[in-house]
Amino acid sequence: MSKLLSAKSKQVLLGPLSKNNPIMVQVLGICSALAVTAKLEPALVMGLSVTIIVALSNVIISLLRNTIPNRIRIIVQLVVVAALVTVVSEFLKAFAYDVSVQLSVYIGLIITNCILMGRLEAFAMGNKPWESFLDGIGNGIGYAWILAAVAFVRELLGSGTLLNYRIIPQSFYDAGYVNNGMMMMPPMALILVACLIWIHRAANKDLQEK
Amino acid sequence: MNTNKNSYTIIYAAVMVVVVALLLALVSGILKEKQTANVELDKKKQILSSLNISTAGQDAEALYNQYIPKAIIINYRGEVISDDRDKAFNVDIAKEMSKPLEKRELPVYLATVEGQTKYILSLRGAGLWGPIWGYISFNEDKNTVFGSYFMHASETPGLGAEIATKHFQNEFINKKIKNAENKFVSIAVVKPGQQAEGKDYVDGISGGTITSHGVDVMLMKSIGQYENFLGQVTDGGMQNE
């Protein structure tokens with residue numbers, strides 16, 4: 001086990017969860033963070049799908065890294081990602097039809113997620129398959145937990161539910177409590193992400209620019 | 001090996017494209033049957049949902065066979081052109097609605113709920129981002145709504161997507177699509193708080209104005225093409241009025 005997770009591997013796996021988070025520090029993948037976080041459930045499935053796809057495409061690109069012609073490397077990366085996304089989407093349609101209906105266009109939009117291209121170009125092109133796999137898992141989870149955190153706040157305050165179960169009791173509404181419609185609007189996701197970045201930077205002084 | 005040569009790049013790209021195409025074709029081919037079955041089962045669940053029958057955790061196939069023993073295809077004049085149940089089920093309403101009215105083949109599902117006949121019509125329209133569709137069931141008088149079901153491809157979660165909730169769909173129950181003169185006027189979807197003149201109406205979704213309007217237009221156009229069929233009311237139904 002110690003060989004599987006050396007100090008470097010651990011850094012590769014755990015770094016993206018906080019100090020090197022794709023959303024909070026690299027500010028990648030913001031577009032989908034706005035689109036799928038109005039409810040918690042699609043956010044979780046999206047996070048899981050991105051984690052699987054970024055890990056697998058990292059491994060594939062890493063295996064091919066010495067054969068890929070430099071001039072078309074972005075195209076090769078794009079083809080690998082697009083093929084994987086299509087395969088995942090087909091499997092969802094066959095074995096988890098309800099989930100695929102719920103996510104509708106978002107699964108296809110994983111192709112355009114900047115985190116994927118970013119990790120392939122910055123990491124998988126220059127590292128061994130195992131490290132690339134860990135890097136993919138780390139970044140995927142780093143992305144997923146931010147999505148889950150934002151969706152948690154938006155669904156709770158915007159709809160009064162979590163995973164479609166009512167959390168805020170009816171008596172609150174009877175007493176005049178109103179759901180915050182602003183939370184349903186995409187800009188609120190941006191503001192919440194900004195708040196997360198603020199807290200994160202306040203807690204990690206080394207991230208602050210001089 | 002020199003990976004920067006033109007010939008290498010071209011061969012690499014060609015091989016990659018062929019390999020990926022084969023892989024995708026293979027996956028699609030293997031999963032096709034299961035996906036089609038899923039789509040058909042989902043359609044049956046949607047139709048049952050328009051009868052207010054929940055299929056959660058139940059055998060939707062068996063329920064469908066139990067409640068919907070018959071389905072027919074009619075033309076715009078309301079004449080039956082086929083009573084083949086499977087053929088009616090497989091009608092693609094989106095395709096039919098792109099044809100001129102005279103050439104359309106429209107499915108009607110005849111359900112039996114607690115001994116009463118219900119007529120289920122197919123709906124298809126456009127929301128804000130993509131298509132919306134659904135099913136609406138009528139009582140024997142072909143006027144009073146028994147239940148409805150709406151679904152969308154890509155409306156905004158929390159806003160337009162709320163048309164897919166039972167909360168919105170249940171608003172339609174017991175609304176009438178004909179006015180006092182027995183003419184088809186559809187059911188309006190209006191902004192909450194507003195009213196519609198001369199016809200029944202339900203409250204639209206706050207923040208989902210365009211999708212709500214899409215439902216309004218969908219009801220008018222989709223039910224409208226069945227107008228002649230809905231005009232043929234059996235005597236029993238008329239006397240109940």
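**Ground rules.** I number residues from 1 along each chain as its sequence is written, and chains are lettered from A and ligands numbered from 1 in written order. The model is predicted, so I note that local features need pLDDT of at least 70, side-chain atom pairs count only at pLDDT 80 or more, and totals for chains, interfaces and linings use all residues.

**Entry 1: the two chains.** I looked up the contact with chain A. I found 23 residues of chain B in contact with 24 residues of chain A (contact: C-beta atoms, placed from the backbone, within 7 Å). The chain B side has 12 nonpolar, nine polar and two charged residues. Ala, Val, Leu, Ile, Met, Phe, Trp, Tyr, Cys and Pro count as nonpolar, Asp, Glu, Lys and Arg as charged, and the others, Gly among them, as polar.

Entry 2: I turned to β5(B), residues 131-138, which pairs with β6(B) in the antiparallel sense over seven bridges. Pairing needs at least two DSSP bridges; strands are DSSP runs (E, at least two residues), numbered from the N terminus. Gly134(B) stands opposite Phe150(B). Six residues lie between the strands, and Lys142(B) takes a positive phi near 55°. In β6(B), residues 145-152, seven of eight residues are buried (20 or more other C-beta atoms within 10 Å of the residue's own, all placed from the backbone).

**Entry 3: two helices.** I checked which residues meet between α1(B) and α2(B) (helices: DSSP H or I, at least four residues). Leu41(B) and Leu48(B) are among those in α1(B), and Leu63(B) and Tyr67(B) among those in α2(B). This contact has six nonpolar, no polar and three charged residues.

How values were computed:
Two residues are in contact if their C-beta atoms, placed from the backbone, lie within 7 Å. A residue is buried if 20 or more other C-beta atoms lie within 10 Å of its own, exposed if 12 or fewer, and partly exposed in between; C-beta atoms are placed from the backbone.
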